Amino acid sequence: MTASAFRKNLTLTLLVLAALLLLQFVLPEYYVLMATRMMVLAVFTVGFNALLGYVGLLSLGHAMFFACGLYAAGLSVYHFGFSLPAAFGVSLIASAALSLVIGAITLRTIRVSFMIVTLMFAQVGYLAVLYFAEWTNGQEGLSLPASARQMALGPWTLNIADAVTRYNIALVLLAASLGLLLFYLKGTRGRVATAIRDNEGRTEMLGFNVFAAKLEMFVLSGTLSGAAGAAYGLLFGYLGATFASFQYSIEALLFTLLGGAGTLLGPLIGVVLMVAMIDKLSELTSAYFLVIGVILIVLILWFPKGILGTIRERWAPWLL
Amino acid sequence: MGLGPYLLLATLEGLVQAAVLCITAAGLSLVFGVMRVVNVAHGEFVMLGAVIAWYAASLLTGHPALGFVVALIISPLIVGAIAALSERLILKRLDYNPEATIVATIGLLYIIQQSVLILYGPDARPVDPPFYYTIRLPWFGYSAYKLFVIGAAILIMGLIWFVLQKTRAGLIMRATQFDRETAQAFGIPVDKVSAYVFALGAGLAAIAGILVVPIQQAHYLMGTDPLLLSFIVVIIGGLGSMSGTVVAAILIGLSDGILSMMFSPTLAKMVSTLLVALVLVFRPNGLFGKAAR
Amino acid sequence: MASLIPLLSTKNVKRHFGGLKAVDGIDFALYEGEIRAIIGPNGAGKTTFVSLLSGRTEVSEGTITFAGEDVTRLPAYKRVQRGIAYTFQITNIYPTKTAAENVRIAVESRAARLRDARFDRDTATRAALEAVGLADRKEALAGELAYGHQRLLEVAMGLALQPKLLILDEPTQGLSDPEIENFLALVRQIAKSATVLLIEHNMHVVMSLADRISVLTRGTLLAEGTPEEIRDNPDVQAAYLGA
């Protein structure tokens, strides 16, 4: 990436984040809550897209990392009374460790096998949440008590159940994940990652350890997803088995495809559009997954590059 | 009940499950073998078969066998037609790209499942077996219908074997499976073969759905378990290998039946899914498969 | 030459695919600074043999030594890091990246080995593109380059690695005659700083470039010698004509 392209991407990202910062002053309360959810899910999707968009690995099991972060943070608060930063730290370590192990195993496979194997591991994770119901309360899930969602911050009390507070926490997390990926892609590692995506065999024959590079991105991706899960659990105070289910893996895929795989801001765009649409739809019908199915097929048939991918192709080749 | 009869019961239950699984997995294996498409919507075809059987049974009053027979005829046809249509409209346009077709069949899964939710509703509904007869064994009574399911599965697997090995259609399918491009060069309409194979695979799933519904009830979410189990069977048996599929289905059906009686079903599923994922990573040709070609 | 230690040598290397003996016990030695051609009829095992050298295929038996180190079990990427570069028979580039970006990836690989803060990656990229005459096409997408230019880009990527040994697998396949003449000059230039091993069908290229020629048939080494010796060798003539 040239220096000027990097500056353009950085500027664009900062503009979007600044707009999000200002948005909280104009949005009505219900939409502040929804935008918070969107930003947390966008972090999850940024993590998913890091793997799909920049090294070309399609995982069908990313819900397992989201749920890993969610439960690692939530359970350490619920059962062991951890402070919020400690719980978040635990979730980062747990999801990094899980993605290291799962990545080391699944990256021995390619393409279709990789998709199926990640799906199966995620299914194991989902079943584990149900099986260890003593800890997780299974399908029904757990609600974090209000007292556990506060912490002392010097003379003040930080209450993350407060709408504005959690909006800004989600925004900081989104900014951090976008910044992390942007700087990763700027350097040699980013160059090698996209080289693997475009031609794995060639990259190996240029002297790069392809497996190690893929594993590194897998861990980055899994940890970002875990961080998103932890934020979701702590900010909204609910831990449930649904977050580990196949459906959550598919949503990350759907958001990414819609916004544009391999674009920095695509995940955010995909999440905003889909979550807004699902919100409207679920007022009308309980079968809104029908629409998700249709959109998946429409995207893959006619719009495989997604919104930002198409814009990049037509008008803005510098987009990252 | 002593341990012997208990094991006999578990074995019988396992064989019934293996029988249904065999038919379902054979469909999945055929589609994967010939088209190289991993059909994630396969379980929904089982569910459709079962739901259509319920409609047939509830519309045709009179002897339950009547509805059952009608379902056996029309359900595979309807499901096959739906499958052929989605093959033409979606999979063909994606040029059978393996990754894209997985995403598309996930979409198909949601479309079928949610359409059934809208049209049929969220309830689980029972369907009467075509006949009630209980075989009295010295230790327990056993439903003759379940034995009929085992027999039906043997018959259907025999038919599949016959079609694949002894007929021209089977030859065409095997040729396409072996080498798509060469088959095309020899004038085999590979494109049409794909549509028929996808329909055939779905039809087999539908038959499995009809056979299982008197035992299990029809529900819009019932496709998930058959999907996962037949994935497991196809992977253990070696992707695309029909004989491996049969052996694996019996193995999985029996062990699942027996394990579920001894351990919690969730734990049994968890462990078996984990083991199978590891098989796919470390023995990608299946447990009985040959080394890499 | 016999007094020198070879840059690359193989001892009884074999590669069997099921019953097919693609490479069946080859003893081979390559000396620093030479241009060596490997020729042989189709199916002689040439590509399999160089795949064994580059590490893209694992040996069934035997050992490979490079620069005094046993590299038999090293994965391909580590051999590249040791200085064995391989250019593909079928053009193998990053079609959606620019020509400069293609070369830059190879340059990054070299930079990772050098660990030298003074190494200028942009200069190295430009140098490799200039060496093959693609400097004016550097911003073009590789996939949109003419075929001959894609072949040159492939060589530029190999060059950018600054390898000790550059393996070229049928580099002139599909090139026009004037392009081939350019290519000959390019390889002579490369040979000043690297040892070159090439598989080639075009006898004109082989005869005008190679210092020595190795002839393979049926997975074994049939003959080895200077171009003149090979031309006059009755066994070689028989293998080609009688095949």
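Predicted model: local features only at pLDDT ≥ 70, side-chain atom pairs only at ≥ 80, totals over all residues.
Let's start in chain C. Six strands there make an open sheet. The order is β6-β7-β8-β3-β9-β10, and the pairing is mixed. Which strands stand at the edges? In chain C they are β6, residues 84–87, and β10, residues 220–225. Each has a single partner strand, so one side of each has no neighbour in the sheet. On average, neighbouring strands are turned by 20° against each other, direction ignored.

Strands of a sheet pair through backbone hydrogen bonds, and they can be parallel or antiparallel. Chain C gives us an example of each.

Take the parallel one. Strand β7, residues 165–169 of chain C, is joined to β8, residues 195–199 of chain C, by five bridges, and the two run parallel. Look for C:Ile167 in the model; opposite stands C:Leu197 in β8(C).

Now the antiparallel one. β9(C) and β10(C) are also linked by five bridges. C:Ser214 has C:Glu224 in β10(C) as its bridge partner. These two strands form a hairpin, with two residues between them. In the turn, C:Arg218 has a positive phi of about 45°.

Next, the helices on this sheet. Helix α6 of chain C, residues 177–190, lies across β3, β7 and β8 of chain C. Its direction is at about 160° to β7(C).

On to the interfaces. In general, the size of an interface is often given as the accessible area lost when the parts come together.

First up, chain B against chain A. The contact takes 37 residues from chain B and 39 residues from chain A. About 3,400 Å² is buried between them, and carbon and sulfur atoms give 87% of that. Charged pairs here come to one salt bridge. B:Glu99 forms a salt bridge with A:Arg111, with the closest N and O atoms 2.9 Å apart. On the chain B side, α4(B) gives the most, with 15 residues.

Now chain C against chain A. Here 24 residues of chain C contact 17 residues of chain A. The two chains bury about 1,800 Å² between them, 56% of it on carbon and sulfur atoms. C:Tyr77, C:Tyr94 and C:Glu108 supply 31% of what chain C buries against chain A, more than any other three residues. How many salt bridges are counted between these two chains? Four. Between A:Asp198 and C:Lys97 there is a salt bridge at 3.4 Å, N to O. The count of residue pairs in polar contact is 16. On the chain C side, the elements giving two or more residues are α2 (76–82), β6, α3 (99–114) and α5 (147–160) of chain C. α3(C) gives the most, with six residues.

Last stop, a lysine in chain A. A:Lys214 is in helix α10 of chain A, residues 210–236. Is A:Lys214 buried or exposed? Buried, because its relative accessibility is 4%, and the cut-off for buried is under 20%. The side chain of A:Lys214 makes a polar contact of 3.1 Å with that of A:Glu200. Beyond neighbours within four places in sequence, A:Lys214 is in contact with A:Leu57, A:Leu107, A:Ile196 and A:Glu200.

Technical notes
Residues numbered from 1 in each chain as written. Chains lettered and ligands numbered in written order. Heavy atoms only, no water. Helix = DSSP H or I, 4+ residues; strand = E, 2+ residues; numbered from the N terminus. Buried < 20%, exposed > 50% of the residue type's maximum accessible area, 1.4 Å probe, protein only. Polar contact = N/O pair within 3.5 Å; in protein donor to acceptor, adjacent residues only side chain to side chain. Contact = heavy atoms within 4.5 Å. Pairing = 2+ DSSP bridges. Axes fitted to C-alpha atoms, helices over the stretch in contact; angles between N-to-C directions. Buried area = accessible area lost by both parts, 1.4 Å probe. Salt bridge = Lys/Arg side-chain N within 4 Å of Asp/Glu carboxyl O.
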